[in-house]
Amino acid sequence: MLKSFLLFLSRRSGLKKAMVAFAPTRNLAWRFVAGETLDSCVEAVKAVNAKGLTATLDHLGENVSSEALATASADNYLKALEAIAAHKLDANVSLKLTQMGLDLGETFTYKNVRRIIARAEALGIFVRIDMESSEYVEQTLALLKKYRDEFDNVGIVLQSYLYRTVDDLSTVTNDWNCRVRMVKGAYKEPKQVAFQEKARVDEEYLARARELLADARASGRYHAIATHDEKMIAGTQAAAAELGIAKSAFEFQMLYGIRRDLQDRLRAEGWNVRVYIPYGTDWYPYLMRRMAERPANLIFVLRNMLRG
Ligand code: FDA
């Protein structure tokens with residue numbers, strides 16, 4: 001119930017203004033967001049790299065309402081790419097197509113994102129397209145296919161809670177030779193398209209993770225297992241051992257500010273670990289999804305409110 005309510009609030013732009021100005025929410029945001037500027041993100045990436053972890057930068061934002069805003073979003077990514085190169089960061093970027101104009105049209109979005117992928121290719125940087133709510137999956141995959149026809153440095157995210165993912169995984173790997181980040185899925189989805197029970201989403205996750213490892217072994221494609229769930233991680237490690245896959249053949253990914261202990265432990269054990277580092281002023285929906293994943297995070301906000 002609470003999870004659904006928080007995900008509902010994440011889409012309410014009316015509430016966003018008040019929440020972003022509200023000190024307790026801002027304080028919680030800085031647990032999960034590196035800061036509002038690219039400089040703050042660069043510092044966070046340097047700290048993560050110093051520990052032997054790699055990073056993926058996310059300039060926060062989604063569902064822009066004009067081409068000017070979408071163009072500005074892409075420009076922000078171009079700046080991030082230059083910063084990665086200038087500071088020699090061990091990092092790539094993750095982006096959302098709705099931030100690049102998907103609600104405004106596929107042709108415009110295609111061109112806008114193509115600028116980013118082309119510049120990233122020139123700099124030797126990988127671009128990951130995040131997966132958003134189910135209404136965008138078809139368009140996201142259609143655009144991915146176009147980019148894959150032209151570029152090697154672009155990959156996708158698939159969500160284990162969607163029924164369709166088992167088929168999408170086969171298409172994007174076997175037919176499009178694409179690298180995949182597997183996640184459970186962070187949006188509120190109806191039962192017509194997604195498994196509702198956590199146990200079932202987890203079961204699907206482990207099955208898809210195993211398929212990705214088998215694909216890594218057969219094709220050499222470098223996939224990502226993105227989760228903080230120790231059961232998913234242990235299951236992936238067991239599958240890797242069983243399939244005889246080297247630790248370097250894939251990577252674990254986790255979000256900035258979540259389970260740092262686990263990130264460090266996996267790295268110390270010799271696994272590749274990438275940290276997803278968001279930054280920027282548009283952090284409200286991202287923060288609400290993090291609260292929905294773990295409503296206990298709300299206690300932090302409430303405690304700060306009581307302290308006044
Ligand atoms: P689960 O939710 O079962 O959590 C397992 C444990 O992890 C919890 O018990 C807790 O200890 C810890 N944990 C998880 N979330 C936490 C939080 N918010 N605060 C504190 N602790 C928390 N989704 C999507 O739909 N599209 C996308 O493109 C991406 N991209 C993405 C990139 C990366 C690198 C990661 C790690 C995740 C995503 N996600 C995503 C989010 C993903 O779908 C999922 O919502 C979260 O990873 C939480 O699920 P877990 O797999 O961690 O398991």
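A disulfide is a pair of cysteine sulfur atoms within 2.5 Å. This is a predicted model, where local features need pLDDT of at least 70, side-chain atom pairs count only at pLDDT 80 or more, and totals for chains, interfaces and linings use all residues. Residues are numbered from 1 along each chain as its sequence is written, and side-chain values use heavy atoms, without hydrogens and water.

View A. Searching the whole structure turns up zero disulfides. Cys41 counts as buried because its relative accessibility is 0%. Cys178 is also buried, at a relative accessible area of 0%. Buried means under 20% relative accessible area, exposed over 50%, and partly exposed in between (1.4 Å probe, protein chains only).

**View B. Ile156 and the nonpolar cores.** A nonpolar core is a set of buried Ala, Val, Leu, Ile, Met, Phe, Trp, Tyr and Cys residues joined through side-chain atoms within 4.5 Å. The largest one holds 80 residues; Leu57, Leu95, Leu144, Ile156, Val172 and Ile277 touch the most other members. Helix H5 gives this core its largest share, seven residues. A second, separate core has 19 residues, among them Leu28, Val33, Tyr276 and Tyr286. Beyond four places in sequence, Ile156 has contacts (heavy atoms within 4.5 Å) that include Leu144, Val172 and Cys178.

**View C. Glu67 in helix H5.** Glu67 lies in H5, residues 67-86. Helices (H or I, at least four residues) and strands (E, at least two) are DSSP runs, numbered from the N terminus. Glu67 is partly exposed because its relative accessibility is 43%. Beyond four places in sequence, Glu67 contacts Leu104 and Phe108. Its C-alpha atom is 8.3 Å from that of Met100, 33 residues apart along the chain.
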